[in-house]
Amino acid sequence: MLWTPVLCLCLCVQSLAVPVPAHRATEHRKLLLVSFDGFRWDYDRDVDTPHLDAMAKDGVKATYVTPAFLTITSPTHFTILTGKYIENHGVIHNMWFNTSTWEKKSYYKSQFVNEWWDSGSLPIWITAQRQGLKAGSLHFPGTASTYQGESAFVREVEPENYNYSNETAWQENIDKVMESWFRGQDLDFVSMYFGEPDATGHRYGPDSPERRAMVQQVDRTVGYLRSSAERNGLSESLNIIITADHGMSTVYRNGLVEEIVLSKIPGFSFGDLSFHIVDFGPAGLLLPKEGRLDKVYSALKGAHPHLHVYKKEELPVHLHYSQNERILPIILWADPGYVINGYFPVQFHKGEHGYDNQALDMKPFFRAVGPDFRKNLLVEPFETVNIYPLMCHMLKITPEPNDGQLELIQHMLTSSIQPENEGSSDNDILTSVFTGLGAVAGFLVVVFVVLISRGIYKHRRNKSSSTDEGKIDKCQSETKQTSF
Ligand SMILES: *[C@@H]1O[C@H](CO)[C@@H](O)[C@H](O)[C@H]1NC(C)=O
Ligand SMILES: *[C@@H]1O[C@H](CO)[C@@H](O)[C@H](O)[C@H]1NC(C)=O
Ligand SMILES: *[C@@H]1O[C@H](CO)[C@@H](O)[C@H](O)[C@H]1NC(C)=O
Ligand SMILES: [Zn+2]
């Protein structure tokens, strides 16, 4: 008999609960950012990719994303980490170089040149940590450097000549990040990098069976990653973004086309340059000797139908690749299919990137899944500068100044984490008012129910008539009148 009022009370209080956003302004979920180097947006079209398909169904897929120009690895990854165009973050090339000593460092060696990376822009790891979060990074370009003396709390830099395609090593790294970093050390944000399918795309070309096989390896790894998150109990607390730095385009060779060889161009001489970066895919940077800029420029401009030649300050604005003193005075790039050779052809890749970021072949893929992302949503293409403000928003940290716009892509988030429902918006105030009213009403109902129940209890002691169901029904009908 004594059960009745208690049960009734529970039901009333429960049905009175005012819907509160799943996720309050000060809380955030964990976030994993994954890059599969050179994963072109359409690589899933000619291969079976069950895990990527399942991820799209459970989350968000963009038709493609637009990387920053120059579409090469270190610069475009640093754009993802900072939300800045390359001219604004300063990592303008994979190679650190010094135009007076002619010294150049490889992609790998340049990872360790601190001043190349740390030139005023802070990657998201540092911003997150300064606001009380813990960040980690595994193999992501930029991880080896420190920024204003700080680095990611946990970081792992790959050894030189690392084998980027070992699937067993990929799985071990995934388990390490899930078990040890997210679960064990309770990190809030981790960035993770895989060097494929870029290497295979360069070596065999984007249309090769080898590239298709590597996309299947990536697909299996995406499946492995999601099941590892689940095994570690992270499904409800972890959001995952998977994207890439650029795409890949087939290079034409073997007499199929007239190759671009600068030394063969009439009126052009390497003797007029004091420094250059060519023989590095489709893009090149030239520093003419004092007084020879116009000579070099007019010799090259229009010399080959698939070679684009620009003075730095005249570069098309959409490329955002001129407002930085590290960028050399003349910028060259070729149309897809071509590379820029210096003295004679020395590049034998079957696939290349570094082209105009408007070329469809340069567009990477973008996928996202997790409790804060909508499900089964295909979104329009967007620029990768926008990923940074999205990540900051999801982690509830204040971003550094950047070139992205959260408004352009926030619709991929569930409404509970969209900015309209946060901070001191009217909506939030309304929610507080309703919560307050709900609490008062709840209290009144409880008092009412207790009084009534005691009445019924006393009454029953005398008459012992009505059933338990009857009382519950009554209780619920009271609830309906007082809830809103
Ligand atoms: C390039 O090297 C010269 C000579 O060692 C040095 O004075 C200069 O500061 C260096 N420039 C850069 C950008 O490292
Ligand atoms: C890298 O590892 C894979 C197997 O995981 C192997 O097939 C491949 O030959 C290795 N590559 C090099 C260059 O050692
Ligand atoms: C691949 O990685 C696993 C795990 O780290 C290692 O045991 C194996 O020797 C590697 N295989 C190759 C071919 O490098
Ligand atoms: Zn790359």
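Student: Leaving aside its neighbours within four places in sequence, which residues is Met-391 in contact with?

Tutor: This is a predicted model, where local features need pLDDT of at least 70, side-chain atom pairs count only at pLDDT 80 or more, and totals for chains, interfaces and linings use all residues. Residues are numbered from 1 along each chain as its sequence is written, while chains are lettered from A and ligands numbered from 1 in the order in which they are written. Two residues are in contact if their C-beta atoms, placed from the backbone, lie within 7 Å. By that rule Met-391 is in contact with Leu-31, Leu-33 and Ile-124.

Student: What makes a set of residues a nonpolar core?

Tutor: Its members are buried Ala, Val, Leu, Ile, Met, Phe, Trp, Tyr and Cys residues joined through C-beta atoms within 7 Å. A residue is buried if 20 or more other C-beta atoms lie within 10 Å of its own, exposed if 12 or fewer, and partly exposed in between. The largest core here has 110 residues, and Phe-189, Leu-332, Met-391 and Leu-395 touch the most other members. Helix α12 (residues 387-395) gives the largest share, seven residues.

Student: Why is this core said to lie between domain 1 and domain 2?

Tutor: Domain 1 (30-251 + 355-416) and domain 2 (260-348) both give residues to the core, so it lies between them. The domain bounds come from an automatic or database domain assignment.

Student: Why is helix α3 called largely enclosed?

Tutor: Helices are DSSP runs of H or I with at least four residues, strands are runs of E with at least two, and both are numbered from the N terminus. In α3 (residues 73-82), 10 of the 10 residues are buried, so the helix is largely enclosed by the rest of the structure. Its cover includes β1 (30-36), α4 (86-89), α5 (107-110), α7 (124-130) and α12. Just after α3, Gly-83 takes a positive phi of about 70°.

Student: Is β1 enclosed or open, and how do you know?

Tutor: Seven of the seven residues of β1 are buried, so this strand is also largely enclosed by the rest of the structure. Lys-30, Leu-32, Val-34 and Phe-36 point one way, and Leu-31, Leu-33 and Ser-35 the other way.

Student: What makes β1 and β9 a pair?

Tutor: Two strands pair if DSSP finds at least two bridges between them. β1 and β9 (residues 238-243) have six bridges, in the parallel sense, with Leu-31 opposite Asn-239. β1 also pairs with β8 (residues 189-194) over six bridges, again parallel, and Leu-33 has Ser-191 as its bridge partner there.

Student: Why are β12 and β14 called edge strands?

Tutor: Four strands form an open antiparallel sheet in the order β12-β13-β15-β14. β12 (273-277) and β14 (307-311) each pair on one side only. Four bridges join β12 to β13 (residues 283-288), and Ile-277 stands opposite Leu-285.

Student: Why is α2 called oblique to α10?

Tutor: Axes are lines fitted to C-alpha atoms, for helices over the stretch in contact, with angles from 0 to 180 degrees between N-to-C directions. The axes of α2 (residues 50-58) and α10 (residues 209-231) come within 7 Å and cross at roughly 50°. Angles under 35 degrees count as roughly parallel, over 145 as roughly antiparallel, 65 to 115 as roughly perpendicular and the rest as oblique. That makes α2 oblique to α10.

Student: Why does Pro-401 count as exposed?

Tutor: Pro-401 has 10 C-beta neighbours inside 10 Å, so it counts as exposed. Pro-401 lies in the loop between α12 and α13 (426-463).
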